[in-house]
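Hi there,

Here is the structure I promised to pass on to you. Have a look at it first, and then read my notes below.

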Amino acid sequence: MLNHEKARVLGRSKSRRWRQGRTGVTISVSLVLLLATGAWLSLVFSGGSRRRCWHKLKEWEGSPRSFPWQPDEVDASAGSFRKTSGPVRDGGSGGRDDRDEEQLSLRHIEFGIAGSAQLWSNRKEFVRLWWRPEEMIGHVWLEEVLSEEEGLPPIRVSEDISRFSYTNPTGHPSGLRISRIVKESFRLGLPGVRWFVLGDDDTIFNPDNLVRVLAKYDHNEMIYIGGPSESHSANTYFSHSMAFGGGGIAISYPLAESISKMQDECLERYPKLYGSDDRLHACISELGVPLTREYGFHQWDIRGSAHGLLSAHPVAPFISIHHVEAVDPIYPGLNLLDSLKLFARAMKVNPLSFLQRSVCYDRRRRLTFAVSLGYVVQVFPNIVLPRDLERSEQTYMAWNRLSSKNEFDFDTRDAYRSTCKKPVLFFLRDVHKAGNSTLGTYTRTKGKDELKRRVLCFPRTLPLREVKDIQVIGEPLSENWHLYPRRLCCQMNVNINNTLRLAVGQCERGKLSSVADIL
């Protein structure tokens, strides 16, 4: 019992001493901290010594012993991240030109056109249709030296690619050469360049719309812009997230700079790939940059009549088409080159509204007018809903010569089989400026369908039987239409001297612009 009592007394005594000791230590530490804080404050606010102390602190922050509160940008191999407080621009003269603060123009875009010496004598005429020597910079890249001509881009010979491995059994090693155009273009160091745009010698560009679209993006970031193929098979084989080179690829300056540093090593990892754009896409994927899709880039992996695509262009600025030799002439009655000349002229007269669609209706005669500015006016003998007109009439086959609906990665509809349901087509014949507007004349096509309609569709009257031409007045679009695009509206005017007149322009806010307007 006494032993237990002693143990309890000793326990209380030890516990009291332990608590007193811990309290003492706490008080001592607090006093030391207060004294240290006071000494520090006296140093900081003591005139000249304050500046020396501040510099000492900054030196310590920059030393390896400091904590990495805000790591500076270093080489990616070091495993650090760049600051996100503002855009970072590093590199050659292209990144530090006075024009860098200007509004984007064609002088800020360097074109790299992939060509072949064997085909250049014919395809140079396609480039001549859109190239502007006084406004544009860039080169045609060939495998051998050819003489240059006025009105065309200067020619450069690509570097030797024999050191790279190429093992694809169905492709051609020229894909290696073409994939390095962005690298070789970057190394030229042309001043003021913000974007590198790649295309083929059979690509037709709309330069004005290209500038408008690229101006939406910050060229100081790593950006990869373009569009996939129309062919589902091609997208499946290559990639649904790859920009196809013939339709055009836009690469920002920082991305081109990164590609130039790693592409040759990257190419060695992909000897089995087929062409150039898939090799470029592989290296951009290693950099972690995804595709930014713009619906105005068109690879045009089609054959036959492109009517269904041109008459149902997306509600987006038209930027490019490709494979122009593989399709029928765009305008009936003209050869390939003359047809493309009219196409390019219509594109230059009003670039932003070119190929933009509008739908309006004749309530009394129950007719539908589907306008594709610069291309065609289709007059349907019945009311056709806008949703149906947005689908591309399948007048073409895919590049692999398949024509199944499942072969295309966009909405299609069957071509009209019934003569009585087919639209009457008025194709562009002439276009010119009329003040701020454009005036296009579209002429009725004459063919077998006209006679068939008279015989097979009786007693139904032919749509606009007496009309030979349709004049379309295109009103100017606002400068920011491409930022918030909407299908255009149209109005019918009087029929004078066998000529019908339509006015097409931006819809007023709240206007339905649909069949509901006439029902």
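Let me begin with Ser 358, whose side chain reaches the backbone oxygen of Leu 488 at 3.0 Å. The backbone oxygen of Cys 489 lies 3.4 Å from a polar atom of that Ser 358 side chain. Both are polar contacts (a pair of N or O atoms within 3.5 Å; within protein, one must be able to donate a hydrogen and the other to accept it, and residues adjacent in sequence count only if both atoms are side-chain atoms). Ser 358 is part of strand 11, residues 357–362, and is buried, with a relative accessible area of 0%. Buried means under 20% relative accessible area, using a 1.4 Å probe and protein chains only. Strands are DSSP runs of E with at least two residues, and helices are runs of H or I with at least four, numbered from the N terminus.

A word on the source: this is a predicted model, where local features need pLDDT of at least 70 and side-chain atom pairs count only at pLDDT 80 or more, while totals for chains, interfaces and linings use all residues. Residues are numbered from 1 along each chain as its sequence is written, and side-chain values use heavy atoms, with hydrogens and water left out.

Strand 1 (residues 109–114) is worth a look too: 6 of its 6 residues are buried. Ile 109, Phe 111 and Ile 113 point one way, and Glu 110, Gly 112 and Ala 114 the other way.

Finally, in helix 11, the buried residues include Leu 340, Phe 343 and Met 347.

Enjoy exploring!

Methods: Buried < 20%, exposed > 50% of the residue type's maximum accessible area, 1.4 Å probe, protein only.
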